[in-house]
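Subject: Structure handover

Hi,

Here is the structure for you to look at. My notes on what turned up follow below it.

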Amino acid sequence: MNDNQHSRKEEQRKPDGADGGTSHGGRSEEINGQVLYIGDVVDNATLMDVLARCLDREYRVLKYWKHLANELHIPPDVQKGFEIYFELSPTVHLFQFLSTNDPLLAVRKLRVTLKDIHRNDLIQELKDISDTDMVVDVFNNKPSLLDGIALKLDSAKRPVGNWRKLAVKLISNVQLFKEFEAQLNSLENPTALLFRYLCTTEGFSKLTVGDLKGHLEDKQMLRRDVLVALANHGVQDGDLLADVFSPDSDLLNSVSTLLNKKSPGVKNWRNLAYKLGLPNKVYEDFDPDANRPRCRPTKMMLEWLRSKHPEMTVDELRTAVKEIGRADALEILDGYLSQGIRNEASSGEQFASLESTPHEEKQKIKTTSCQTGSDEVESALHRLGGLEISRLSAAVTDLPLRVYSNICLKLNIRRWIGFDDFRMLGEKVGLTRDKVEYLGQQNNPTDHILKEWSSTGEATVEKFMDILGEEGFGRIDVKAILNDWVNGKA
């Protein structure tokens, strides 16, 4: 749907009198004589959180964010993007695996396979690519093409052909397919991360199989199935864990399969980590559920509306919420309308005197400005001391979720020619190769690297853009995302 069609439908849906500032029920969409727009909703962090909690959850009867998206005429392919976590895509992982195990895979075979799983829409994505081109070369040269295909395959639900059906077809060798599945599962393998930590960390690296058995035999842990697995692999009590639990070993895979399972009343890897004396803050990092970014489709949808249709009014949003019959969400919006949606804090009180504002408060104001993009906050700071707060000086971790997730998605994709992905970013910001390799096993390595860098206090948007543009890295595609945000285009 093009912008003109969207605008026509918006005009058709706009309630009578909306242009004059009156919404349904006689409520005014003006606060202090100013019309409220979708950007005012997005800039109010509290309101965004409350709306997300209300509309994110999917119900069988109640309508939720998807119905609101349909009411607002958001294209289906855009809606799919709101549902995708920004961790490593299984489709991307599949083509990374094929790049080393079937490097001569041609586009012709990929087209035939996509036809077999009835994904003619994806065949169209390849219409400008020659049949004789190698898939690995195509995706290395056109990463955005892989992103688009991955988005559609990752989100597909039965009976539509998805990434798994494609993998089964492209990896015909049974043993090779098992290897692919093992690698895919290792991306969320807390037991493997636990043993890697034990084998490489001073104070734990001298642990033996006998020590491990002692904990597994303890009545508070008692995992006889894991003890049987150890016996079946013929390891001895005196063997060091570092010697027998090597990465990708059959023993590690067997033990991981058993300890990763979550069953009521059955102790798992977390209990073992506790028994071994690991600090909670250490083994919490191994937990994929704790580290997986939460999907917030409602927030992403509203941020998209601001970037695509900034002229959309709060009254139009309110009308769409009313159309899907969610009185609770309507009540949330009306409550904030009655308070004055823009006034999470009184700028007059917050910025009364620069001299009386402690450093911590000024930093808090700066953080608020970075998170909300509030022109009101920025101008107040400027007036009260000439402190220039711009998007270039914003902390990287304060980027809007939509922008941040897009950056992570692109840098998480391993690029085998040039290695200009999260690995190079890690080295550029001063992390050791061992640290980058460790973080590369997490669900979202770019996110972890950016947080590590941010702990130094140097991770600003401007410095990030400089790094992305450096010779040898040259990720102009990612830099362009940041540049659009800095210039208010995203």
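**Aromatic pairs and packing**

Tyr283 counts as buried, because its relative accessibility is 7% and the cut-off for buried is under 20%. Please keep in mind that this is a predicted model.

Trp269 is buried too, with a relative accessible area of 3%. The structure holds seven aromatic pairs. Trp269 and Tyr283 form an edge-to-face pair, because their ring planes stand at 90 degrees, with the centres 6.5 Å apart. This pair links distant parts of the chain. Trp269 sits in helix α18 (residues 269-275) and Tyr283 in helix α19 (residues 280-283), 14 residues apart.

There is also an aromatic cluster, made up of Tyr197, Phe204 and Phe286.

**Cores**

The largest nonpolar core has 62 residues. Phe245, Leu278, Phe286 and Phe464 have the most contacts inside it. Helix α13 (residues 190-200) gives the largest share of this core, seven residues. A second, separate core has 33 residues, including Leu36, Leu51, Leu68 and Met312.

**Cavities**

The count is eight cavities of 30 Å³ or more. The largest cavity holds about 190 Å³ of space. Its lining has 17 residues, and Phe95, Val136, Phe139, Asn140 and Leu146 lie nearest the centre. Two or more lining residues come from each of α6 (90-101), α9 (135-141) and α10 (143-155). The largest share, five residues, is from α6. By class, the lining has 11 nonpolar, three polar and three charged residues.

Best wishes

Notes:
Residues numbered from 1 in each chain as written. Predicted model: local features only at pLDDT ≥ 70, side-chain atom pairs only at ≥ 80, totals over all residues. Heavy atoms only, no water. 1 Å grid on protein atoms, 1.4 Å probe; cavity = no way out; pocket = protein on both sides within 12 Å on 5 of 7 lines; lining within 4 Å. Points joined across faces, edges and corners; volume = space filled by probe spheres on them. Helix = DSSP H or I, 4+ residues; strand = E, 2+ residues; numbered from the N terminus. Nonpolar A, V, L, I, M, F, W, Y, C, P; charged D, E, K, R; others polar. Core = buried A, V, L, I, M, F, W, Y, C linked by side-chain atoms within 4.5 Å. Buried < 20%, exposed > 50% of the residue type's maximum accessible area, 1.4 Å probe, protein only. Phe/Tyr/Trp six-rings, centres within 6.5 Å; stacked < 30°, edge-to-face > 60°.
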